[in-house]
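Work through the exercises below with the sequence and the model open side by side. Try each task before reading its solution.

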Amino acid sequence: MLGLIPLLTACLAGCVLLRLLRPAAGVGPGWATSLLELGLGVGFGIGLSSMLFFVLTVTGTATAATILLTDGAMLAALAAVWFYLRRRRPGAAVPVPAEGLVQPAYRYNWILAALLISALIIVLDGMRNQAAADPHGMWDAWAIWNVRARFLAGPGETWRNAISPLLERTHPDYPLLLSGFVARCWKVAGDYATIVPIATALVFFLATLAVLVAALALLRSASSGLLAGLTVMTGFTYLSQPMWQYSDIPLAYYYLAAVALASLSWKAEEPRKPLLLFLAGYAAGCAAWTKNEGLLFAAVFGCCYAAADWLFSGFNPALRRSLWLAAGMLPGLVLVGWLKMLAPVADPVVRAGKKGIAQGAAQSWRRQFVWRAIARNAGEFGYTPATHPLAALAIMAATLRFSLPRALRPAAVCGAAAVGLVFGGYVVVSLGAFTPFGRFFSQLFPLFLLVVFLALRPLEELLEPAGAAPATAPDAPKKRTKKKRSSRA
Amino acid sequence: MRQGGQWRAWTALAAASLAGLAGAVFYWAHTSRILREEPDAYKIAEQQARLAGVVEMLPADATVGYLSDVPFGKADGQVYFFVAQYVLAPRLLVEKKPERRPRWVLGNFLKRPDIEQIEKEHGVKLVRSFGRGVYLFERTP
């Protein structure tokens with residue numbers, strides 16, 4: 001259980017940092033802002049501590065004491081800033097969204113919330129079953145991710161085993177966010193307790209759900225967020241993944257966080273955009289530090305954001321904002337570059353290269369094999385056809401219908417293009433290497449739901465007169481006033 | 001209120017709720033069956049017990065050669081190798097090849113091996129047999 005202490009300190013540091021930065025303040029309802037900060041704080045704290053651990057490890061200073069000291073120093077510094085800001089601005093009001101941005105809540109959101117919590121409790125009990133049955137996770141967990149965490153957590157120079165060319169079948173060049181974070185906790189605990197990777201997986205699953213629900217509540221409506229949360233529970237393959245202890249769920253989290261933050265930047269006031277975009281870039285950088293697919297995502301997402309912003313805002317603003325996004329990506333990308341220099345090339349896709357992909361594309365059996373894998377894994381994504389996410393989405397699309405406000409168009413275009421291009425990239429590399437499409441779908445599932453529910457008309461709009469539907473264009477946030485509070489009551 | 005809006009809203013709500021709850025229940029039922037019928041699919045706990053003696057004996061920074069009668073080309077061979085690698089980590093387990101001469105070599109066998117022949121063939125000497133097919137060899141000078 002000692003290993004849970006560094007996990008908690010990392011999450012706490014991230015949450016305090018996000019609470020200080022308040023990236024989404026004034027964009028939507030307070031509960032959604034807090035939930036988003038919580039969801040982002042947890043994953044961003046894990047990402048940051050994993051990066052710091054790698055630097056400490058490579059410089060030969062990673063010990064239980066230095067890890068705890070680093071965490072302590074980070075928390076103390078954040079607490080000091082917190083208290084300084086509170087003393088400096090004791091009466092500072094929390095910005096609340098302008099009236100036009102506040103969606104009149106759907107009367108039966110409480111039903112959706114209650115059902116989501118019920119489904120979540122059932123799923124969490126299922127995850128407890130899965131963790132009890134396979135505490136070491138499934139194949140890639142003990143053959144790749146956790147075995148490398150053991151190397152990194154070992155004494156002396158054993159961390160070099162994680163990137164050793166002798167590690168022929170365990171991909172020594174795979175990025176180390178998950179392995180590094182688990183190793184960091186094991187290093188502090190002085191053992192290899194399975195509770196650490198299990199808890200890390202659970203934290204990422206819950207953080208992904210929190211970011212999805214909160215981001216949609218801020219961007220579209222509370223009901224959209226809750227409906228998306230319920231749709232997550234239909235993804236049988238996705239639900240099975242966290243307790244496999246692979247990197248796909250952390251990757252899905254960072255994909256979602258990056259696009260959600262970029263989407264919020266289009267809705268936010270101009271002064272808040274750089275912060276949101278820097279954080280979106282940081283999430284994309286963390287994705288690259290999580291898995292090689294994250295490198296593809298970082299490149300695709302950067303291009304999609306720049307193109308969408310150019311299309312909707314013009315060249316100069318797009319260029320300026322894209323630089324903030326790129327700046328946020330730097331920490332993750334620099335570490336990946338460093339790792340790739342230290343480790344031998346072992347990724348099957350890189351080894352197969354353009355030649356392998358071209359050969360695969362030229363062979364009809366290979367193309368058919370890939371399409372069959374896509375169809376089979378897509379079909380198996382829901383436990384039954386009736387409870388398949390696409391079935392639920394089809395019914396919701398037929399009843400709610402698509403209606404995309406002008407202010408959300410850049411976000412939807414950027415998100416949809418990112419999903420499409422990243423998936424296209426997976427298909428192309430699958431022609432030359434292997435085809436775990438169940439995991440590819442899981443990586444993109446939360447982001448896909450974000451895009452779909454951005455475009456779907458919220459329940460609130462169905463039940464309100466057309467004129468009362470909220471404008472989603474950004475207005476100046478107003479300070480909370482007594483009068484406003486009482487009028488809401 | 002828009003015409004038909006309420007009906008459509010309730011349909012969407014019902015679809016998401018039923019599918020979400022059913023998905024959660026199916027997932028729970030599936031995991032309950034796994035826990036009941038096939039826990040620890042790759043027998044990692046069993047391998048940990050088999051290899052515990054080797055873990056105790058070898059230094060944490062050792063590079064260990066690997067010999068087995070289950071070829072790596074078979075799925076079982078891969079499971080044996082990767083689970084042994086996981087259990088022995090942070091020690092590094094490497095397949096025994098002529099150009100590699102690690103001091104320690106782990107023997108992981110399903111059938112009783114001919115120790116003399118292995119010693120002669122690979123230039124190693126048996127240090128200890130841990131039972132259940134687990135042997136530790138040391139390279140001869």
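**Exercise 1.** How many bridges join strand β1 of chain B to β2(B), and how do the two run?

Solution. Start with the ground rules. This is a predicted model, where local features need pLDDT of at least 70, side-chain atom pairs count only at pLDDT 80 or more, and totals for chains, interfaces and linings use all residues. Residues are numbered from 1 along each chain as its sequence is written, with chains lettered from A and ligands numbered from 1 in the order in which they are written.

Helices (H or I, at least four residues) and strands (E, at least two) are DSSP runs, numbered from the N terminus. Strands pair if DSSP finds at least two bridges between them. Now look at β1(B), residues 63-68: four bridges link this strand to β2(B), and the two run parallel. At one position, B:T63 stands opposite B:L92 of β2(B).

**Exercise 2.** Place the strands of chain B in their sheet and find the edges.

Solution. The order is β2-β1-β3-β5-β4 (chain B), an open sheet of five strands with mixed pairing. β2 (92-95) and β4 (124-131) of chain B each have a single partner strand, so one side of each lacks a neighbour in the sheet.

**Exercise 3.** Which parts of chain A touch chain B?

Solution. Count contacts (C-beta atoms, placed from the backbone, within 7 Å). 49 residues of chain A are in contact with 40 residues of chain B. Helices supplying at least two residues each to the chain A side include α5 (139-153) and α8 (222-232) of chain A. α4(A) gives the most, with 12 residues.

Technical notes
Contact = placed C-beta atoms within 7 Å.
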